[in-house]
Amino acid sequence: MIGSLSPAQRERDVERVAGGLVDVVVVGGGVTGAGVALDAAARGLSVVLLERTDLAAGTSRWSSKLVHGGLRYLAHGEIGLARESARGRAVLMGVTAPHLVRQLPFLIPDAAGRDVSALGGAGGRLGDLVRFSVAGGRGSLPATRRVRADAVGRMVPAVRPGRGGVVFWDGQLTDDARLVVTLARTAAAHGARVLTGATVTGVDGATTPSLGSAEVHADVDGEALTLRARTVVNAAGVWAQRLAPGIRLVPSRGSHLVLRADRLGSPSAALTVPLPGSRSRYVFALPQADGLIYLGITDEPVDGPVTDEDPQPSDAEVQQLLDTVNQVLAEPLTRDDLVGAYAGYRPLVLPESAGTGPGDATADLSRKHLLAWDGPVLTVVGGKLTTYRAMAEETVDAVVARLGGTARSTTARLPLVGAAPRPALDRMSAPARLVARYGTEAPEVEALGPDLVVAGRPETVGELRFAVRSEGARSVADLLDRRTRIGLVPADRARAVPVAERVLAEES
């Protein structure tokens, strides 16, 4: 199996890593850390990735599952950031992971206000121009256009009838956590050692000057592990200050609500409604392939230190999301319509000139990323899921320069595990849902068993088996909350736990 993260492979990696010397230790198994590990390994560097819990256990699994072109950045005049987002989207859709990204229309109905709808159309057309300016962007998405009332009703049946709207297009991930796992497996295929359940407890800088290395100390399943690294990349996101206390972060919380798609008439487009009082923030009702809708997203400052516990939407955020989308619905949503909710932290970088008072809006902070050296530790923080590859490339460029090398990044033309050109994916005989999650590996997943994990949901027992055998899943939470997203609906998760426990017992 290419890039296998099997239990046996993990045992071998722990044994080989202990006491060794590597070019790069990456701390953090989110999209940034996995992207850095892949970029470095693909350049021929020796790499170890250490993640305290599981791949995508933090921020990276709590996104809106979008690969977006930066419409909001354009509203703030950040053309460069919008181009970087459009470039990242084009690479993902065209080269690195066509199976994980699909085109998704976004509808701004006139029911939200004609002026706002027109503004959204103008922003969409500006986004089209930005997309045309990047390699691979011109033909990747349809153009922004106006639609009539009958088209609005077909796209999102729950919208109040009688008004037209504007449609722009963007990219949607099948699953953000799946992208992270696929990045990590591709890094492993290029020689990286990927260890989850590995908490970094300390980094001693340049303790062996003749080798120019640092000692990295970790706890791996309760056992102490020490290795040496020429460089350490701190990609721990909102927890980055634990290794780099000098970094100025202002975490914000982004929350989503989960409901059944039939509550909005099983829409084919993402309903897009401006947040009252804002000209650049929207609430999205995002249809998913599993029959759910994610309604989000908020942007709230986080009071106090960030803990290891998963954040939860506040009561005020729940009400804000419902009130905003209800402006355009024929039948308002209520809390009784919700089957789940989730929230995640954004690791926003605070500019040196910014204030830190309670009135400062995290929504207005830039989504640019930051690189900062402290001895042998290079911290990379900020940015967006869409721009992970560019962040990783810049990070490894800095590492290579520190090591005195010249190797350049190849990830813009490197397909991830399971990737193939869209025509080849469309010709596959496996179920389309599995192809959209596993790409060319879908037939192997299908062969592991068609039984459903939970009646009424699409996930199969074969997917759980594949997650343990090849994707590094080691717990019920790994299986239900990250390799699949059954856990987003607590009632479904409760029914799935016995099946997950049985698979773990049989496969581990």
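1. Strand β13 (residues 282-287) and strand β14 (residues 292-296) run antiparallel and are joined by four bridges, where strands count as paired if DSSP finds at least two bridges between them. Strands here are DSSP runs (E, at least two residues) and helices are runs of H or I with at least four, both numbered from the N terminus. Within this pairing, Pro-287 stands opposite Ile-293 in β14. The two strands form a hairpin with four residues between them, and Gly-291 in the turn has a positive phi of about 85°.

2. This is a predicted model, in which local features need pLDDT of at least 70 and side-chain atom pairs count only at pLDDT 80 or more, while totals for chains, interfaces and linings use all residues. Residues are numbered from 1 along each chain as its sequence is written, and side-chain values use heavy atoms, with hydrogens and water left out.

3. On its other pairing, β13 is joined by four bridges to strand β12 (residues 270-274), again in an antiparallel arrangement, and Val-273 has Val-283 as its bridge partner in β13. Six of the six residues of β13 are buried, so the strand is largely enclosed by the rest of the structure; buried means under 20% relative accessible area, exposed over 50%, and partly exposed in between (1.4 Å probe, protein chains only). Tyr-282, Phe-284 and Leu-286 point one way from the strand, whereas Val-283, Ala-285 and Pro-287 point the other way.

4. The axes of helix α13 (residues 461-470) and helix α15 (residues 490-507) come within 10 Å and cross at roughly 45°. The two helices are therefore oblique to each other, a class left over once angles under 35 degrees (roughly parallel), over 145 (roughly antiparallel) and 65 to 115 (roughly perpendicular) are set aside. Such angles run from 0 to 180 degrees between N-to-C directions, with axes fitted to C-alpha atoms, for helices over the stretch in contact.
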